[in-house]
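Keep the selection tool at hand. We will go from the whole chain down to single residues.

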Amino acid sequence: MTIPPEIKQSGAETAIVLGSGLGPFTESVSCGFSLEYSAIEGLPASSVPGHAGRFVLAQLGEMPLLIAQGRVHLYEGWSARDVVRHIQFMHGAGIRRVILTNAAGTLNPAFEPGSWMSISDHINLTGESPLRGGPHFFDMSEVYSKRLRTLFAHAALESGAPLHEGVYAAMPGPQFETPAEIRMLSRLGADAVGMSTVHEAIQARALGMEVAGFSCLTNWAAGLSPSPLSHEEVTVAGRQAAGRMVDLLHRVLPEI
Ligand code: HPA
């Protein structure tokens with residue numbers, strides 16, 4: 001993959017991947033050069049409404065930040081290898097630390113929709129891995145950096161905004177889960193459920209990057225509220241919660 005000089009020379013070592021509805025994040029930072037995924041050979045572009053697909057170079061205070069606005073998913077028909085191409089691109093561009101964000105349903109009665117969850121660990125139920133074919137037997141005992149989790153937890157305490165910590169379960173989609181599947185996930189120890197992130201985290205770690213992950217809890221998971229789930233609800237809730245993550249990043253990134 002050819003890395004444009006604008007990105008290579010920006011000096012950015014930190015990147016953030018924005019999930020559903022979190023696009024407005026880019027409005028709260030000062031943005032410069034941008035590049036559509038479709039303009040980069042080998043990068044797949046999303047087909048889902050509300051999911052952009054572009055890299056944006058931003059400045060957060062003193063710090064250059066590479067934003068990946070949008071991602072592709074297995075449920076669009078892509079393979080686990082395809083959905084991590086932007087991570088490989090970032091690594092080639094000099095990124096050493098990646099913050100993955102997503103929209104997720106909450107299973108934990110104490111984690112209200114509208115709040116954020118710092119991912120402490122994940123359960124990959126997609127049946128896929130971007131590492132199929134190698135490297136084999138990669139250690140996964142600390143995918144989500146303890147150091148970054150601690151920095152964010154302290155920043156959240158200072159800001160007064162709740163930041164939960166818990167386990168993210170990845171399902172393949174494209175449909176939302178059934179109530180029986182949600183009961184199963186609860187028993188397995190999941191606090192949140194979504195359809196992304198885990199493959200990117202696996203790939204980033206395998207490339208030696210430091211990873212943090214945050215779920216914007218947009219809705220009660222299936223069966224936990226009387227109303228049916230909708231993509232619209234997820235996108236609107238994500239948009240409303242984006243500002244709180246911007247605030248956290250402004251507090252944490254200077255210390256990174
Ligand atoms: N399930 C799966 N993915 C999701 C959900 C959910 O409830 N909410 C947002 N993404």
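**Stop 1: the whole chain**

Select everything. This is a predicted model. Colour by secondary structure and look for six helices and nine strands. The C-alpha atoms fill a box of roughly 50 × 45 × 35 Å along the principal axes.

How does the radius of gyration fit a compact globule? A globule of 256 residues would come out near 18 Å, and the chain has 17 Å, so the two agree.

Next, think about contacts. Take those with a separation of 6 or more: 81% of them join residues 24 or more positions apart.

**Stop 2: helix H5**

Select residues 198-206. This is helix H5. Is it mostly covered or mostly open? Mostly covered: seven of its nine residues are buried.

Show those side chains. Val 198, His 199, Glu 200 and Ala 201 are among the buried ones. Ile 202, Gln 203 and Ala 204 are buried as well.

Step just past the end of the helix. There, Gly 208 takes a positive phi of about 85 degrees.

**Stop 3: Trp 116**

Stay with strand S6, and select Trp 116, which has its place there. Is Trp 116 buried or exposed? Its relative accessible area is 2%, under the 20% cut-off, so Trp 116 is buried.

Show its neighbours, leaving out residues up to four places away in sequence. Trp 116 touches Leu 22, Thr 101, Pro 162, Leu 163 and His 164, among others. Further along the sequence, its contacts include Phe 214, Ser 215, Cys 216, Ala 241, Ala 242, Arg 244 and Met 245.

Zoom in on Ala 241. Its backbone oxygen lies 3.0 Å from a polar atom of the Trp 116 side chain.

Last, draw a line from Trp 116 to Arg 132, C-alpha to C-alpha. The two are 16 residues apart in sequence and 31 Å apart in space.

Terms used
Residues numbered from 1 in each chain as written. Predicted model: local features only at pLDDT ≥ 70, side-chain atom pairs only at ≥ 80, totals over all residues. Heavy atoms only, no water. Helix = DSSP H or I, 4+ residues; strand = E, 2+ residues; numbered from the N terminus. Rg over C-alpha atoms; globule rule 2.2 N^0.38 Å. Contact = heavy atoms within 4.5 Å. Buried < 20%, exposed > 50% of the residue type's maximum accessible area, 1.4 Å probe, protein only. Polar contact = N/O pair within 3.5 Å; in protein donor to acceptor, adjacent residues only side chain to side chain.
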